[in-house]
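I opened the notebook to look up aromatic rings and the groups around them. The entries follow in the order I made them.

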Amino acid sequence: MTNSVWNPHFETMSRDKMRDVQSERLRDAVERVYYNVPFYREKMQQMGLGPEHINSFDDLSKLPFTIKQDLRDNYPFGLFAVPMSEIIRLHASSGTTGKPTVVGYTRHDIGIWSEVMARTLSAAGIGKTDFIQIAYGYGLFTGGLGLHYGGEKVGASVIPISGGNTKRQLQLMRDFGTTALACTPSYASYLAEAIAESGIPREEFKLKTGIFGAEPWTENMRLDIEKKLNIKAHDIYGLSEIIGPGVAFECEHQCGLHINEDHFIPEIIDPDTLEVLPEGELGELVFSTITKEGLPIIRYRTRDLTRLNYEKCACGRTLVRMNKCTGRSDDMLIIRGVNLFPSQIESILLEMEETTPHYLLVVDRINNLDTLELQVEVEDRFYSDIISELQALRKKIQSHIESATGLSTNVKLVEPKSIKRSEGKATRVIDNRKIK
Ligand code: DLL
């Protein structure tokens, strides 16, 4: 059976028509950023560009790029294109150092977000008769509330349980008759094992579909989750800067993620030369939002590596598809769905007088859950033989990291000068998870 298409008008539009829609919306978006966001106006003026130079989709590549650092430099609200009185929601995600990346939505933007999430859930076969258990984190992270609004829009019964508390997840999953599970793939995998260990027979669960994303996962991991949970597992992709989840989604054919390109225009560039690459080539994904009001973004460099496929899909959708993303062109790690830059850890260590910036992060996946170990050198004068002193220091570092990043770490204090020095680029991360 084919799952329903939420918005056939846009999701099955011909390429020519889609280009017309994109061209018109792009013109409008460029005008809005030019007149309302000093950052874009200055950048465009430096390049000798005005809104009159952007007439169609083909002019997109003339426009300047936006990077995460630009959001940081304009922290918190400097890139917003509307007065704060129009902003009805704020979310935030990790930046490369202390400051988070802040995003804002108008009522119209929340409407777009609900629409693209409704498309996402319909493509996974979720509708009015479903119970969707949302085990993505609620809060500043966009996962929980993004799925929540989409779930309500398709008329499903939404269970806003948020992440964690595995025992309660299983209890509600069984007692409420959850049919759809939304969480990170690693948590889905963990829940699958918890179900097996609970001894509750599979027949007591009504689960049939999963909406998993926010971190890279392989085809093998999909097969494993599908087998263990006896469901169909769909990949969903998104990022806060563009809208949150809902940027791209898999249909029942699971052959690439359809991009909601009537709202977010994708391009693939070479991350070194910044040139747009021909169709089908592997490169860095770049998005321009063409309908968003609060934080319109032009040519945002996601750092995610993938390729695009413009062929019509067997589901009937014509929306361009992106391959599953497995890599990034920067050093950002995703640990239990939380984005982490090694530089965040470095700045915390530099702020503490007891530690040196010589450290190593060891990431692993144990029982399907990511683990993070931080090995860090202690300043000579703080290195002590008294175990309780070192314990207290470990705890202090752990709590600083947790409050800055939301991540729990296993901190290992090591003797001064014991971490291998490098003559070139320092190795800060050993990632033992086999994601690629
Ligand atoms: O992770 C939004 C989201 C929530 C997507 C729930 C899907 C489900 P950020 O915290 O801003 O937003 O992180 C965005 O996460 O640039 C990718 O590197 C990575 N990412 C997100 N989805 C996928 C996926 C949310 N399906 C960053 N596969 C992105 C691989 C993903 N990586």
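The charged end of which residue sits over the ring of Y149? I found R89 there, its charged end 4.9 Å from the ring centre. I count a charge as over a ring if NZ of Lys or CZ of Arg is within 6 Å of the ring centre and within 35 degrees of the ring normal.

I note that this is a predicted model, where local features need pLDDT of at least 70, side-chain atom pairs count only at pLDDT 80 or more, and totals for chains, interfaces and linings use all residues. Residues are numbered from 1 along each chain as its sequence is written, and side-chain values use heavy atoms, with hydrogens and water left out.

Next I searched the whole structure for aromatic pairs and got seven. Rings of Phe, Tyr and Trp (its six-membered ring) pair if their centres lie within 6.5 Å; planes under 30 degrees apart count as stacked, over 60 as edge-to-face and the rest as tilted.

One of the seven is F212 with W217, edge-to-face at 5.9 Å centre to centre and 75° between the planes. I looked up burial for both: F212 is buried at 0% relative accessibility, and W217 is buried at 1%. Buried means under 20% relative accessible area, exposed over 50%, partly exposed in between (1.4 Å probe, protein chains only).

W217 came up again under charges: the charged end of K324 sits over its ring, 3.9 Å from the centre.

I then took Y237 and F287, a tilted pair with 6.5 Å centre to centre and 35° between the planes. Y237 has a relative accessible area of 10% and is buried; F287 is buried at 0%.
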